[in-house]
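Here are my notes on this one, point by point. Have the viewer open while you read.

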There are 2 protein chains.
Amino acid sequence: MTRPVQSRTSRSRPVWSLAAAAVALAAGVLAAPAALATAADADAGRRAFEAVDPFIGTGGEGHTFPGATVPFGMIQLSPDTEIKPRKEAYGWAAGYRHGDPTIVGFSHTHFSGTGHSDLGDVLVMPIAGEVKLERGDSKIARSGYRSAFRHDDEVAQPGYYAVTLDDYKIRAELTASERVGVHRYRFPEGQSAHVLLDLRTSLYDYPGKVLWSRVRLRPDGTVTGFRETRGWAPGRQLYFAMRFSRPVSGHAFHDTEADVAYKGFPPPGEKDPTRRAQIEGRQLVASLDFKDAPGQELIVKVAISPVSEDSAIANLDAEVPGFDFDRVRAQARERWSQALSAIDAEGDAAARKSFYTALYHTLMGPSLFMDSDGRYRGPDNAVHEAKGFRYHSTFSLWDTYRALHPLLTLVQPEQRNSDFVNSLLASRKHSPYGVLPVWSFHGQETWCMIGYHAVPVIADAYMKGIRGFDANEALEAMVASADYGPYDGIAQYKELGYVPIDEEGEAASKTLEYAFDDWTIARMAGAMGRKDVAARFEKRAGNWRHAFDPASGFMRARKRDGSFREPFDPSVSGYGSDYTEGNAWQYSWYVPQDVAGLAKAHGGADKLIARLDQVFEAKVDPKIFAHMEDITGLIGWYAHGNEPSHHVAYLYGYAGQPWRTQERLKQIMASQYAPRPDGLAGNDDLGQMSAWYVFTALGFYPVAPASNEYIIGRPFLPKATLNLPNGKRFSVIAEGLDEAHTYIGSATLNGQPLDRAFLRHEEILAGGELRFVMQAQPNREWASHPKQLPYSMSAAR
Amino acid sequence: MTRPVQSRTSRSRPVWSLAAAAVALAAGVLAAPAALATAADADAGRRAFEAVDPFIGTGGEGHTFPGATVPFGMIQLSPDTEIKPRKEAYGWAAGYRHGDPTIVGFSHTHFSGTGHSDLGDVLVMPIAGEVKLERGDSKIARSGYRSAFRHDDEVAQPGYYAVTLDDYKIRAELTASERVGVHRYRFPEGQSAHVLLDLRTSLYDYPGKVLWSRVRLRPDGTVTGFRETRGWAPGRQLYFAMRFSRPVSGHAFHDTEADVAYKGFPPPGEKDPTRRAQIEGRQLVASLDFKDAPGQELIVKVAISPVSEDSAIANLDAEVPGFDFDRVRAQARERWSQALSAIDAEGDAAARKSFYTALYHTLMGPSLFMDSDGRYRGPDNAVHEAKGFRYHSTFSLWDTYRALHPLLTLVQPEQRNSDFVNSLLASRKHSPYGVLPVWSFHGQETWCMIGYHAVPVIADAYMKGIRGFDANEALEAMVASADYGPYDGIAQYKELGYVPIDEEGEAASKTLEYAFDDWTIARMAGAMGRKDVAARFEKRAGNWRHAFDPASGFMRARKRDGSFREPFDPSVSGYGSDYTEGNAWQYSWYVPQDVAGLAKAHGGADKLIARLDQVFEAKVDPKIFAHMEDITGLIGWYAHGNEPSHHVAYLYGYAGQPWRTQERLKQIMASQYAPRPDGLAGNDDLGQMSAWYVFTALGFYPVAPASNEYIIGRPFLPKATLNLPNGKRFSVIAEGLDEAHTYIGSATLNGQPLDRAFLRHEEILAGGELRFVMQAQPNREWASHPKQLPYSMSAAR
């Protein structure tokens with residue numbers, strides 16, 4: 001069963017349908033990308049598609065990948081340039097680094113923008129001539145199966161990637177549907193043609209990571225298999241199936257594990273052990289021969305499944321029944337055009353490239369992780385069936401609750417957002433701990449980072465009127481997660497009102513983030529009329545105060561006895577400190593639920609602003625964060641490369657000085673993003689960095705998810721129109737915007753003067769036009785009065 | 001869903017039904033074993049039950065276990081006295097050795113009588129007082145969690161085992177239903193009560209055997225988990241669920257694996273890492289505390305599943321909903337009484353003990369391996385659903401095709417025999433190699449031993465009129481298996497008519513056994529009217545001739561060039577030799593499909609007999625087989641402890657000298673079996689040794705399965721009545737049998753003189769009476785004429 005592309009029936013803008021694409025394909029119109037581009041010239045979605053540059057973020061520490069996927073696709077098929085051992089793996093979290101000279105193969109699962117990593121499953125490499133079983137050394141030509149490549153030969157578009165493997169003179173192209181990766185290889189004449197399948201490799205590699213694996217050549221030429229790894233998620237099982245457009249004329253299955261205590265009796269074929277029909281073990285590599293492929297094309301289809309090899313075959317057959325690479329590519333292009341057309345952005349080429357690539361990167365995850373029959377594997381590592389929703393996984397929640405999920409409520413259909421919530425609830429239902437996901441992928445929990453940030457994702461969706469889930473079940477799951485004592489000091493947090501640093505690390509960060517999450521429970525419970533729950537969590541929402549040290553003006557960790565831990569150095573970050581991936585300078589502003597209270601604690605909004613200036617204007621030697629890979633993108637202490645800083649520039653606006661926010665945003669946008677491979681200041685973190693960009697470019701940002709308010713920053717595009725899931729359009733126009741005119745002079749909403757620094761979610765959903773008149777000098781009066789501030793600041797000054 | 005005990009509706013003998021047992025239980029009649037025995041006094045099944053001594057075979061190298069199971073039960077729950085590393089594991093293949101002083105725990109899966117081994121899953125040990133996590137040393141008291149025990153305190157009955165764990169003063173009792181093991185522990189007063197669960201242990205243990213495992217304490221107190229091992233079958237997954245009659249008051253989950261490269265982020269509870277709700281890893285041991293158990297009983301129910309933890313829970317609930325140990329025990333007793341009542345055997349206590357214990361040991365496998373919902377795991381390691389049959393596994397086919405499966409067609413309902421065939425066919429359908437099982441357990445293939453002996457099992461069933469399977473599918477599977485070139489030299493066998501020793505080991509044995517298997521295909525194909533298939537395999541059935549060396553009179557291995565391999569020593573056995581677990585003296589008589597031809601090859605029946613005498617009368621130093629664990633039970637070269645010899649004593653009868661068979665059988669029965677723990681001359685091999693005993697005691701034996709003929713030996717019981725699956729009865733009476741009168745003087749079948757040395761299967765199925773008059777001296781005339789010989793010998797002399 002293949003689901004149609006999500007349709008938004010009530011919208012008026014032109015929508016390319018799959019049917020239209022099919023007709024075009026049949027007519028030969030879509031035979032080549034060039035033809036496609038021509039046919040799409042008038043279409044905003046197509047223009048959006050063309051603006052994307054998947055290489056942005058593949059250099060530096062962006063950790064994005066350039067390969068082929070569809071929006072939220074289960075398959076994220078991409079070239080890997082190196083498989084690094086664990087201690088060197090940070091830079092290769094997405095498998096590909098733009099500066100590398102060789103490609104080791106194309107694997108089918110990747111994270112977009114993580115710091116920690118895993119995946120890189122089912123690595124496939126086409127080979128012409130001699131088959132080598134080891135990857136070799138990138139510095140020694142032809143020392144292994146890897147191949148040199150050149151960026152000149154690379155093409156990367158949403159849903160499509162192509163490269164020439166120079167060592168083999170093989171042109172390799174990749175595309176994907178939701179659950180199937182499709183490869184097209186053109187082999188040179190005169191050399192034998194092979195496909196290597198290496199199940200030993202993993203992103204974030206270390207000895208013993210592969211627990212068990214299997215490859216099987218079926219009589220019909222289908223290759224299926226399985227791999228179980230003890231990676232970031234322990235005991236993760238992944239199944240796969242591969243089919244080929246040409247017969248497999250020979251095969252060799254190798255187990256390169258040494259020193260196995262006992263291997264049992266050999267299966268048939270052991271006279272030539274590599275020729276057996278199946279192999280099982282911990283270090284498997286397979287080569288497949290295609291004797292009629294030299295000088296020809298070979299199409300390789302690969303499906304994955306969390307459930308079984310048979311389910312992988314079913315996924316393969318359901319989505320890509322034939323071997324029509326161009327059709328799959330056209331369908332992927334259509335899906336992307338559709339998804340990217342959620343925003344019509346105007347601007348110069350560089351701005352549109354940055355903007356649409358950011359939007360593209362926000363549509364990678366949470367990704368589908370469910371078979372075509374609805375089955376998936378939950379955090380109990382058992383198989384379940386999704387009923388009435390599509391199970392998604394890869395929840396990088398500590399990152400994505402901030403801006404990514406709020407953005408997706410604006411640019412993706414309600415159904416997708418409900419799927420996210422239902423997936424969180426299903427995961428909680430099957431959690432051995434009875435809690436919502438923390439950082440999960442492929443259905444499995446990693447317990448990475450802190451907080452219970454599935455809570456604000458659900459609350460934000462609920463508050464925005466998304467209703468495709470059981471709100472009572474959701475609230476119960478949120479409360480259960482917030483009350484689960486054994487997790488990261490929650491028992492003590494409930495007892496003391498803060499997490500005590502003498503019993504739990506990074507206690508200041510935990511207290512602050514728990515308090516925010518609690519506030520979102522209170523918001524949702526209040527909206528549901530559950531006053532008891534609302535009152536209890538409203539109270540907990542104030543627990544940030546227990547972290548505030550009036551003497552130093554920083555958020556700090558207390559000990560069980562109530563005293564702050566000494567000695568205290570606000571510059572200290574990292575393991576053992578009071579903070580999670582941050583220091584006091586970075587974490588002390590995290591009270592999105594009560595910026596008024598934060599300002600008051602500091603002695604007033606002006607005092608808070610003065611502190612923010614200290615953050616941005618400090619002289620900081622970046623070496624102080626040499627031990628913390630994730631703290632990057634420094635402007636003073638402000639670290640745009642990591643999430644705790646993401647709301648900070650917007651706090652000026654809360655404090656009645658939106659023009660200061662406007663200045664800071666200009667500074668950040670100019671220094672932290674660029675339309676180049678190394679154009680991201682830090683890990684994209686499953687789209688959170690990019691979601692920040694999209695919101696900021698539009699001119700507003702969701703500092704406090706579940707508040708239904710967006711603080712206004714300033715627009716970075718002359719015009720952008722949100723094509724909303726409800727079919728309405730909401731445009732943001734920046735009159736007179738240019739490099740010299742970057743301050744908001746005045747604003748109107750639907751023609752009425754707008755003299756406040758925030759938008760309500762309902763105002764966006766209603767459709768309409770937000771028009772800014774930009775000017776060269778700041779307007780210090782605009783939106784500076786308390787009544788013009790967001791409700792969470794309205795009692796402040 | 002619990003299936004009722006198999007009923008044989010058309011039979012007249014008294015049948016204890018489950019319903020009757022339930023009524024008796026309700027009335028309190030079955031409240032205690034004593035009451036049960038009283039109520040059953042008049043019943044042959046009950047007497048049979050009482051005659052069984054499960055300790056027979058637990059000493060020496062019988063490798064049986066004394067624990068609790070029901071006939072063909074998925075759970076075979078038994079004490080393990082030691083967990084030995086691989087190189088010392090042979091004697092501990094069933095976990096228990098009668099000579100050992102300590103018990104390390106009770107595990108839920110065992111093979112009955114294997115040489116090679118595996119299993120010992122879900123090892124549970126009750127502990128009073130301090131919890132130790134390691135087994136310790138049997139020579140050092142209280143050095144670990146093991147406990148001393150004494151045989152005086154042991155009780156073993158079919159479906160029940162009890163022992164006192166002296167170190168803890170815990171009385172432990174075990175019983176079982178098909179998929180659930182039930183433990184009853186009585187803890188002493190004054191010490192804390194615990195249950196240890198060790199997932200690290202395995203029968204046939206070696207480093208790295210456990211690939212992955214998991215234990216989870218669910219909020220309702222159910223403990224579930226999973227273990228995956230690379231054992232005899234690679235990548236075997238087994239799930240389990242445990243429930244307790246008292247609340248779990250505390251738990252500690254430990255991972256004792258050292259030097260793990262990376263463990264990911266700790267799950268909640270890590271402050272006290274043992275207290276987390278779930279643990280995953282490769283070396284797990286868990287202790288569970290029961291604070292209200294001291295001085296009390298604790299019932300522990302354990303179910304296993306090949307599919308999932310949830311399925312294990314479903315199995316638990318379907319079969320044993322409460323905690324009524326005595327009810328489960330009574331049901332197990334009823335199942336055994338029912339199954340053992342298939343034969344009413346008369347004789348003295350020792351004879352009945354040996355006979356019924358042998359019959360008991362023939363009812364262990366192939367065992368059920370399917371969840372209550374019909375799902376099982378096949379040889380592709382994928383989950384399938386059995387439709388219209390119950391999936392069984394543990395097929396030790398090289399052993400059991402000889403006499404065990406033929407016996408089960410007489411003593412088990414047609415449905416069970418059809419289930420075996422359907423299970424073989426299902427396994428073949430899901431085999432990555434497209435072939436029938438060779439040696440499989442838990443659905444997985446081990447490739448142990450040689451031949452394609454699922455073929456004679458199916459052919460024998462078909463020839464006997466068992467029809468609960470698709471004969472066309474079966475024949476296709478048999479042919480596919482016999483034609484599968486990559487397996488053990490079949491390609492060469494098809495090409496040359498023999499397996500060439502320069503290309504494949506143990507080639508003489510393979511050629512001989514393939515030829516027999518081929519003959520059974522011909523038999524079945526002929527009966528189905530498939531003349532083409534029959535003719536092709538009839539021809540292959542003659543391939544034994546290619547192994548016969550007229551010069552030496554031995555079966556030998558040829559090389560591809562047609563010459564026999566030199567040098568040749570008929571005493572040489574073992575790896576690298578021409579033979580599988582045997583030598584030329586043992587393997588040269590394996591032509592059950594054409595004893596006439598064999599005799600003719602030797603120059604006539606008398607010459608063959610002279611050779612057989614050389615076999616039995618040779619002076620052989622057993623040390624010659626010191627390197628071959630399985631070659632035991634020597635009488636000359638004859639090795640009753642291993643299967644290639646099992647038909648040899650009967651060949652005299654084929655050759656017209658049945659009195660010589662009678663002599664040899666007396667010699668074998670007297671020397672190779674005894675009603676003692678060390679009373680089996682070799683591994684029971686899933687009941688093959690015992691099936692030989694049962695047939696031989698009855699007076700006939702199936703030398704050539706699928707022939708529908710049984711060669712007559714001599715009876716060892718004064719009277720035995722087969723209560724046949726079709727409801728008929730067939731009695732064998734030995735008039736005048738005593739120690740001095742051991743030769744058949746004359747025989748009648750249903751009152752008519754019987755002057756031939758074989759029975760037809762149809763004659764047994766028709767019911768009736770076979771009466772022998774025994775005498776002190778051999779009757780050299782009886783059944784000695786060619787026309788009185790089995791059809792396969794009728795052309796011989």
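1. B:Asn583 sits in the loop between strand E27 (554-555) and helix H15 (584-587) of chain B. Helices (H or I, at least four residues) and strands (E, at least two) are DSSP runs numbered from the N terminus. Setting aside residues up to four places away in sequence, B:Asn583 touches B:Pro570, B:Ser571, B:Val572, B:Ser573 and B:Ser577, where contact is C-beta atoms, placed from the backbone, within 7 Å.

2. Ground rules. This is a predicted model, with local features needing pLDDT of at least 70 and side-chain atom pairs counting only at pLDDT 80 or more, while totals for chains, interfaces and linings use all residues. Residues are numbered from 1 along each chain as its sequence is written, and chains are lettered from A and ligands numbered from 1 in the order in which they are written.

3. Confidence. The model scores ipTM 0.92 and pTM 0.93. Chain A has a mean pLDDT of 93, and 94% of its residues reach 70 or more; pLDDT is the predictor's confidence in each residue, from 0 to 100. The pLDDT is below 50 over residues 1-42 of chain A, a stretch that has 53 contacts in the model beyond near neighbours in sequence. Where pLDDT is low, the predicted coordinates should not be read in detail.

4. Symmetry. Chain A superposes on chain B by a rotation of 180 degrees with 0.1 Å of shift along its axis, at RMSD 0.1 Å; the two copies are thus related as by a two-fold rotation axis. Among the residues of chain A, A:Leu211 comes closest to the axis, at 2.9 Å (C-alpha).

5. The chain-chain contact. It takes 39 residues from chain A and 39 residues from chain B. On the chain A side, strand E11 (210-217), strand E15 (278-281) and helix H4 (309-319) each supply at least two residues, and E11(A) gives the most, with four residues. By class, that side has 23 nonpolar, nine polar and seven charged residues; Ala, Val, Leu, Ile, Met, Phe, Trp, Tyr, Cys and Pro count as nonpolar, Asp, Glu, Lys and Arg as charged, and the others, Gly among them, as polar. 100% of the interface residues of chain A are also interface residues in chain B, so the copies meet through the same surface.

6. Helices worth a look. Eight of the eleven residues of H4(A) are buried, so this helix is largely enclosed by the rest of the structure. The cover over its buried residues includes strands E9 (180-186), E12 (223-229) and E13 (236-244) of chain A. For H8(A) (residues 404-411), eight of the eight residues are buried, so H8(A) too is largely enclosed by the rest of the structure.

7. Domains. Chain A is divided into domain 1 (51-335) and domain 2 (630-797), with bounds from an automatic or database domain assignment. Their centres, taken over C-alpha atoms, are separated by 41 Å. In chain A, 17 residues of domain 1 are in contact with 15 residues of domain 2. The domain 1 side of that contact divides into three nonpolar, twelve polar and two charged residues.

8. Backbone geometry to check. A cis peptide bond joins A:Glu566 and A:Pro567, with omega about -10 degrees; the bond from B:Glu566 to B:Pro567 is cis as well, with omega near -5 degrees. A:Thr394 is not a glycine, yet its phi is positive, near 65 degrees, and A:Thr394 is buried, with 27 other C-beta atoms within 10 Å. A:Ala706 also has a positive phi, about 85 degrees; A:Ala706 is buried, with 29 other C-beta atoms within 10 Å.

Methods:
Contact = placed C-beta atoms within 7 Å. Least-squares fit on C-alpha atoms with pLDDT ≥ 70 in both. Buried ≥ 20, exposed ≤ 12 C-beta atoms within 10 Å, placed from the backbone.
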